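Me: I'd like to learn to read a model like this one feature by feature. Could you walk me through it?

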Amino acid sequence: MLWALRYGIGIVALGWLVVQADWTEVFGTLSGMAPSAVAIVLGASVLGTVAQFWNWHVLLNRVQSTPFRAAAGVMLTVRFINHLTPSQAVGKSLAPAVLRQYTGYSWGTVVAVATLHTALFAVLYGLVAFVGLGVFASALSVGILLVIAASAGLYLTVGPLLFLAGTRLDGATTVAETIRERVPIERLPYAEALLAKAIGALPDIGEETADILTRLRRDPIAVGGYALGWTVALLVVPGVRVWILLSAAGVTFQSPVLLPLALVTAYAVTLLPITPGGIGVAEASATVVLTALGVPAAIAGPTILIDRFLGTYFPALIGWYPTMRLDPSWKSGE
C-alpha cells in the first residue's frame, strides 16, 4: 500500500507540473531552437552520463584495472533499480552485488568501492546543497528551506557514517536483513537473489573491505577523480543544459554561475524516501526554487522536466537493458 502511495505522490506532482505549464509556448520555443543549441544540450547530456560512468570507473580502476563498459553497466543498472524503489538508499544498498556481477571482484572489494562511491556522493551533495541554501535562503519559503535542509543534512549524516561503517561491519547482516524484511525486494528484477548473495557473504568481508576502503579514501586520484566526475555530472552539465533551455525561452537567470548551485540545492530532496527515485517531488522542488528565483513557473516546470528526463530518467530507462541481461542465477563471480 505504501509502495502505491509513493508512486501516487510522484504522479500527482508530475501532473501538477504538466498542468501549470504553457505547452504551446514550450513547444514553440523548442522547435525554434537553433541546431547548435540542441547539439549542445544533447552533447552535454551525453557528457554528464559518461561522467557518471567515470565515477564508478575511477574507483574500480584504483583497485584493479577495470573495463569502462563494466563501470557503465553498473551505473545504468543501479540507476534503473533506484527508480523502482522508494529511496535511492535501497538501490545503492544493492550496488555491491551489481558490481560483483559485472566485475567478478571479491565481496570485500565491491563493498568498499560501493561504500566509497555513496559516501563521496553524499558528502559532496550535502555540502553543495547547504552552500546553495545559504546563497538562496532569502528568496525561498520557510517550508522549502526546511525540506531541503533536512535532505542535505541527511546527506551529510549518511556520508560520514558510511566511511565509519566500512571499517565496522559487525551489524551489516542485521541491516541487510532489515532491508529485506521492510522493502518489497521481490518486486525488483533479480533483487531477492542479489540480496541473499550479499547477506551470505557479509561475515567474511569486514577486514578486506576496511583495508580497501581506507586505502581508496586516502588515494588523491580516486577521491579527486570522483570529485571531478561528480562536478561535471551534477553541476556543469545540468547548469549548461538548463541555462540553454531558459535562454531559448527568452528567460535570463539572475546569474549563470549560480544556476548549477540552484539545481543541486533543489534536487537534494531526491534522497528523502517520498517517491521512487524522487520522481515528481524533485521536479516540483526544482520548479518552486527556480520560480522563487525569478523564472516564470510556466517555463520553469517544463525546463526542469526536460533536464530530469535527459539527466536522470533516460539513463534509468537505458538501464533496463543491462539489468535484464544480467545472469538471473547470479552465478558469476562465485
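Me: Then let's start with confidence. What is the mean pLDDT of the chain?

Reply: The general idea is that where pLDDT is low, the predicted coordinates should not be read in detail. Here the chain averages 77, with 69% of its residues at 70 or more. Residues 198-203 stay under 50, and the model gives them nine contacts beyond four places in sequence. Another stretch, residues 330-334, is also below 50 and has 12 contacts in the model beyond near neighbours in sequence.

Me: On to the rings. How many aromatic pairs are there in the whole structure?

Reply: In general, you describe a pair of aromatic rings by the distance of the centres and the angle of the planes. A search of the whole structure turns up six such pairs. Take Phe53 and Phe68: their centres are 6.2 Å apart and their planes 75° apart, an edge-to-face pair. This pair links distant parts of the chain, as Phe53 sits in helix H3 (residues 35-61) and Phe68 in helix H4 (residues 68-82), 15 residues apart.

Me: Which residues do ring pairs link into a cluster?

Reply: That would be Phe121, Tyr125, Tyr155 and Trp230.

Me: Now the cores. Which residues have the most contacts inside the largest nonpolar core?

Reply: For a core, look at its membership, then at the residues with the most contacts inside. The largest one here has 74 residues, and the top ones for contacts inside it are Trp56, Leu99, Tyr125, Trp230 and Val295. Helix H7 (residues 107-136) supplies the largest share of this core, 14 residues. There's also a second, separate core of six residues, including Val41, Ile244, Leu245 and Leu310.

Me: Which residues is Leu99 in contact with, leaving aside neighbours within four places in sequence?

Reply: Leu99 touches Trp56, Leu60, Val74, Gly104, Val110, Val113 and Ala114. Leaving aside neighbours within four places in sequence, Phe163 contacts Leu116, Ala119, Leu120, Val123, Leu213 and Arg217. The C-alpha atoms of Phe163 and Thr115 are 7.3 Å apart, though 48 residues separate them along the chain.

Me: Last one: how many residues of helix H14 are buried?

Reply: With a helix, check its span, its burial and its end. H14 (residues 281-292) has 12 residues and spans 16 Å from its first C-alpha to its last, close to the 16 Å expected at 1.5 Å a residue. H14 is mostly covered, with nine of its 12 residues buried. Among the buried ones are Val281, Glu283, Thr287 and Leu290. Just after H14, Gly294 takes a positive phi of about 105°.

Methods. Residues are numbered from 1 along each chain as its sequence is written. This is a predicted model: local features need pLDDT of at least 70, side-chain atom pairs count only at pLDDT 80 or more; totals for chains, interfaces and linings use all residues. Side-chain values use heavy atoms; hydrogens and water are left out. Rings of Phe, Tyr and Trp (its six-membered ring) pair if their centres lie within 6.5 Å; planes under 30 degrees apart count as stacked, over 60 as edge-to-face and the rest as tilted. Helices (H or I, at least four residues) and strands (E, at least two) are DSSP runs, numbered from the N terminus. pLDDT is the predictor's confidence in each residue, from 0 to 100. Contact means heavy atoms within 4.5 Å. A nonpolar core is a set of buried Ala, Val, Leu, Ile, Met, Phe, Trp, Tyr and Cys residues joined through side-chain atoms within 4.5 Å. Buried means under 20% relative accessible area, exposed over 50%, partly exposed in between (1.4 Å probe, protein chains only). The expected span of a helix is 1.5 Å times one less than its number of residues.
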